[in-house]
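This report covers salt bridges, a strand arrangement and model confidence, in that order.

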Amino acid sequence: MSSANHRRHQNPSRANKKKRGRKNPEANFLFELNSCSKSKDLNAAISLYESAISGNMRLNRQHFNILLYLCSASVADPDGKLLALSHGFRIFDHMLSLKIPPNEASITAVARLAAAKGDGDSAFDIVRSMGDYGLTPRLRTFEPALLCFCKKLEADKAYEVEDYISLMNVSLEEPEIAALLKVSADTGRGERVYDYLKKLRCCVRSVSEETAKILEDWFRGKGNEVGAGVQHHVDYVKDAILRNGGGWHGLGWIGEGKWAVRRGTVEPSGRCCCCGQQLVCVDIDDADTEKFAQSIAELAMEREVKANFSEFQDWLEKHACYEAVLDGANIGLYQQNFAEGGFSVPQLDAVVKEMYGRSGNKWPLVILHNKRLRAIQENPSYRKLFQEWTNNGVLYTTPHGSNDDWYWLYAAVRLRCLLVTNDEMRDHIFELLGSNFFLKWKERHQVRYTFLKGSLKLQMPPPYSIVIQESENGSWHVPITGGSNEESSRTWLCITRPGACEAKGEAAAILDTSKNAIGPTCSRWALNSSESEMLASNKENHSSQDSSPKSNNKTASVTGKRKERSPSPTPT
């Protein structure tokens with residue numbers, strides 16, 4: 001058998017496919033259309049389309065979508081724009097006349113064509129017709145109408161599109177928010193500018209250079225006209241900032257007079273090099289915190305013995321004074337994967353004592369599985385330490401068969417305190433919570449640790465957040481996206497003017513102007529710099545489990561309060 005015959009017998013299906021392809025005009029037409037699409041050759045695609053019509057070829061939605069895409073992609077080319085517009089709408093009408101229902105890609109292409117000729121109304125109408133076809137719009141579907149109205153300074157129509165986007169549960173991204181911000185700025189709608197600054201803050205950690213330029217132009221121009229005469233008591237503003245998680249009060253423009261707009265950097269401690277103001281570590285707001293805690297509890301009760309977790313919730317409500325929660329198993333088993341390794345009580349004790357000292361002599365809460373507790377109780381060397389922890393309300397033991405992850409996570413969120421763990425919380429149980437604000441919460445609350453040659457090193461939450469920040473006195477700090485990975489070289493917009501509190505003769509307070517401030521949630525745990533601090537562990541923390549922190553009057557009152565607590569429940 002010849003080699004040619006052998007190949008033919010080996011691959012008969014491939015040969016048949018090629019033969020069918022050569023005989024199928026629709027398939028050939030699709031192949032040639034795709035070639036035109038790749039080369040962005042609209043003229044050739046239109047010629048193919050005209051030939052297909054004259055030959056009474058049966059066209060399908062894929063054919064029409066390629067043609068519509070090519071037309072919408074060609075409107076940016078001055079030489080091809082007229083051809084694209086003259087044929088694009090005719091192709092879409094032909095598609096509908098053949099009773100071929102469009103999909104989201106079809107609608108998006110036609111909306112782009114309508115916007116390209118400056119007809120935002122038609123672009124919006126075609127999007128609103130998607131319900132007739134049972135289609136769900138995407139952000140890209142709305143973008144042509146929205147950007148068209150913004151470009152033409154038709155602000156009210158742009159806001160109408162935004163409202164419809166929200167109704168469809170679609171989220172705006174920076175380009176769309178920036179366009180709405182600009183049309184609001186250009187038409188002198190100061191309150192709208194304020195609202196879009198908030199949306200921008202929720203959407204991105206730092207703004208693009210294009211968005212930064214829009215903000216600079218606003219604050220140097222019409223922005224000087226907003227907020228005049230608005231005054232709030234400093235405590236009222238402070239409370240609003242704390243409710244919102246720090247870095248944002250949401251009360252509207254504060255202060256009066258001209259804005260000073262500068263570009264500068266922020267020190268590692270969080271101090272602005274332009275105005276000297278201390279930026280803060282921003283947390284999720286009160287509403288999101290409550291929602292987060294409720295979500296954890298609901299998921300935990302689906303997967304744990306409901307009575308056990310409910311008992312823990314009740315216990316936690318009665319003992320809500322903790323400022324740090326420790327993942328006991330994670331700390332005790334750290335770097336113990338060697339032959340003689342096991343649960344390290346000295347490591348856990350070192351972290352307990354360090355957090356006790358950092359919090360002004362307030363004991364942390366250690367969540368530990370019941371089986372780990374038995375190992376401590378059975379070792380005579382740890383009995384005195386166990387008694388100290390029990391007396392001071394340090395331990396809560398989770399019952400047999402439970403997943404202690406639910407317990408320490410719920411406690412840290414519910415008490416709005418720090419969580420000491422190296423667990424990156426990437427397991428499937430954490431994925432159930434979603435990433436909307438989980439990552440943000442972790443950044444503000446998680447404390448990581450290492451032990452290097454017997455020395456404990458804690459990595460505290462960052463001293464400030466890379467996010468748009470609004471201060472009590474009405475100033476703004478806006479981080480700009482840059483090419484460098486070094487935060488010390490990141491450029492920020494610093495936007496200041498006399499604050500309303502100052503106008504009333506009161507000092508415009510900053511949440512914490514000390515160099516070490518970390519923010520409303522983390523200020524008590526301040527570091528001397530943004531770097532992790534190496535802590536030389538006292539030998540007593542590692543070799544003697546009998547030691548206890550030195551007491552003073554303050555400590556006595558705190559530990560006395562802990563002694564009043566009921567002992568943590570131990571499963572039978």
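## Salt bridges, sheet and confidence

In this predicted model, Asp125 and Arg128 form a salt bridge whose closest N and O atoms are 2.8 Å apart. Both residues belong to helix H8, where they are three residues apart, about one turn of the helix. Asp125 is partly exposed, with a relative accessible area of 42%, and Arg128 is partly exposed as well, at 35%.

The structure holds 29 salt bridges. One of them joins Arg138 to Glu104. Arg138 lies in the loop between helix H8 (120–128) and helix H9 (139–151), and Glu104 lies in helix H7 (residues 104–116), so the pair ties together parts that are 34 residues apart in sequence. Arg138 is partly exposed at 47% relative accessibility, whereas Glu104 is buried, with a relative accessible area of 10%.

A further salt bridge is formed by the side chains of Arg263 and Glu209. This pair links distant parts of the chain, with Arg263 in strand S1 and Glu209 in helix H13 (residues 209–220), 54 residues apart. Arg263 is partly exposed at 36% relative accessible area, and Glu209 is partly exposed at 39%.

| Salt bridge | Closest N to O distance |
|---|---|
| Asp125 and Arg128 | 2.8 Å |
| Arg138 and Glu104 | 3.6 Å |

Strand S1 (residues 260–264) runs antiparallel to S10 and is joined to it by five bridges. Strand S9 (residues 476–479) is likewise antiparallel to S10, with four bridges between them; here His477 stands opposite Cys494. Four strands form an open antiparallel sheet in the order S1-S10-S9-S8. Its edge strands are S1 and strand S8 (469–470), each of which pairs on one side only.

The structure holds zero disulfides. Among its cysteines, Cys36 is buried at 7% relative accessibility, and Cys281 is buried at 1% relative accessible area.

The protein chain has an average pLDDT of 83, and 80% of the residues score at least 70. Over residues 500–572 the pLDDT is below 50; this stretch has 169 contacts in the model beyond near neighbours in sequence.

Key. Residues are numbered from 1 along each chain as its sequence is written. Side-chain values use heavy atoms; hydrogens and water are left out. pLDDT is the predictor's confidence in each residue, from 0 to 100. Contact means heavy atoms within 4.5 Å. Two strands pair if DSSP finds at least two bridges between them. Helices (H or I, at least four residues) and strands (E, at least two) are DSSP runs, numbered from the N terminus. A disulfide is a pair of cysteine sulfur atoms within 2.5 Å. Buried means under 20% relative accessible area, exposed over 50%, partly exposed in between (1.4 Å probe, protein chains only). A salt bridge is a side-chain nitrogen of Lys or Arg within 4 Å of a carboxyl oxygen of Asp or Glu.
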